[in-house]
Amino acid sequence: MNRAERIWAAMPVPAILIDAADRIAEVNAAAEDFLGTSEKSLRGAPIFDRVFIDAPIDGALARMRRDRAPLYANAVEVGGGQAPPETCNLSIAPVPGLEGHILVMLSPRQVAGRLGKAGEPRNAARAAIGMAEMLAHEIKNPLAGITGAAQLLSMGLDPEGVALTDLIVAESRRIVALLDQVEQFGNLAPPRRRAVNLHTMLDRARNSAALGAAAQMRIEPRYDPSLPAAWIDSDQMQQAVLNLMRNAAEAAGPGGGTIVLRSFYDAGLRLRRPDGSGRALPLQIEVIDDGPGIAADMLDGIFDPFVSGRENGTGLGLALVSRIVADHEGLVSVDSRPGRTAFRISLPAAPETALRDPTPQEVR
């Protein structure tokens, strides 16, 4: 056994090598244990016939072979054989020197449930902020009294005392602003979807960001003009895109940087529903920035409420994006490294009936 074979056999995580025809070429010992079957029975079989992966990665494999770029996916249910699926993080990359071959590595996560399902980020987020939403209104009342009392006290104080009361007022207002965000998150109405031109919505978001949250950034649109209409609530999706652009601007800091607002079509991307049926998500929006990137230890929970990599960050902006996209039966993902962070929103196209009847429809 040579060195490469020893390393392959000793890998502690399940690893599967896929050939250019998406068939299983090799699996290591950990993958045999994970899938509950031998390499001999797996070799040559179509990967998606023998391994259940609850994520729309089949359409991404062609792009990966073309672009020679790795793909990472967190909290994906993976299974095979008779064992129930387990929640895993996936690392998928083309193999240099083996034309068309792709290596899939699984890192099982021992957690209850899968936060990455399209419908569950919304439920997880609601559970996480449920108590905060309930308390927000009650906390605002005493804060208003504290602010008023501090302003009255400042009238009879020396400059040093006034500085302290100003601090009380400023911090009270900051807490109220945070509570407003919590209430906004909890009170978001179901989307009223209709056929929408994505580029009209993106241009509104771009113009708004250029005058406000991303004024120090250079915003570059790269649109595919052939895209069909999307099936979305335009106002809510604009809010989601604005949140991503604001996030990019805050990461860049006062020195600014570049945001690329990109749209394109991917016919191979589908969302697998819990009942086994699929839904096409061909319309892609990417918000790409050239900032410092997201720390690796933050990526796993980046869409969870109150998770923030910035000092004084609330961690609600990306959680709100996740909820809006989930409400639209879409997907949101992130790929980040220093110098390039790309958030991608995948959305359904408008059905033919909606193109004939533009009346908004509320989705519950």
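The accessible surface of the protein comes to about 18500 Å², and carbon and sulfur atoms account for 54% of that area. Areas were computed by the Shrake-Rupley method with a 1.4 Å probe; for residues, only the protein chains shown count as cover. The model is predicted: local features need pLDDT of at least 70, side-chain atom pairs count only at pLDDT 80 or more, and totals for chains, interfaces and linings use all residues. Residues are numbered from 1 along each chain as its sequence is written, and side-chain values use heavy atoms, with hydrogens and water left out.

Confidence is expressed as pLDDT, the predictor's score for each residue from 0 to 100. Its mean over the protein is 80, and 80% of the residues reach 70 or more. Over residues 110-122 the pLDDT is below 50, although this stretch has 25 contacts in the model beyond near neighbours in sequence. Where pLDDT is low, the predicted coordinates should not be read in detail.

The protein has 12 helices and 16 strands. Helices (H or I, at least four residues) and strands (E, at least two) are DSSP runs numbered from the N terminus. Of the 364 residues, 43% are buried. Buried means under 20% relative accessible area, exposed over 50%, and partly exposed in between (1.4 Å probe, protein chains only). A contact requires heavy atoms within 4.5 Å. Among contacts between residues at least 6 apart in sequence, 66% join residues at least 24 apart.

The largest nonpolar core holds 38 residues, and Leu 198 and Met 201 have the most contacts inside it. Such a core is a set of buried Ala, Val, Leu, Ile, Met, Phe, Trp, Tyr and Cys residues joined through side-chain atoms within 4.5 Å. Elements giving two or more residues to this core include α8 (198-211), β10 (258-265) and α11 (317-327). Helix α9 provides the largest share, eight residues. Beyond four places in sequence, Met 201 touches Val 196, Ile 232, Ser 234, Met 237, Gln 238, Val 241 and Ile 285. Another core, of 24 residues, lies apart from it; Phe 34, Ile 53, Met 64 and Cys 88 are among its members.

Five strands form an open sheet in the order β8-β10-β13-β15-β14, with mixed pairing. Strands β8 (218-222) and β14 (331-337) stand at the edges; each has a single partner strand, so one side of each is left without a neighbour in the sheet. Neighbouring strands are turned by 15° against each other on average, direction ignored. Two strands pair if DSSP finds at least two bridges between them. Strands β14 and β15 pair in the antiparallel sense over seven bridges. In β15, Arg 340 is the bridge partner of Arg 337. Helix α9 lies across β8, β10, β13 and β15, and runs at about 175° to β15. Axes are lines fitted to C-alpha atoms, for helices over the stretch in contact, and angles run from 0 to 180 degrees between N-to-C directions.

Helix α11 is mostly covered, with 10 of its 11 residues buried. Among them are Leu 318, Arg 323 and Asp 327. Glu 329 follows α11 and has a positive phi, near 55°. In helix α5 (residues 58-67), the buried residues are Gly 59, Ala 60, Leu 61, Arg 63 and Met 64. Arg 68 follows α5, and its phi is positive, near 55°.

Thr 147 is found in helix α6 (residues 120-153). Thr 147 counts as buried because its relative accessibility is 13%. Leaving aside neighbours within four places in sequence, Thr 147 is in contact with Val 169 and Ser 172.
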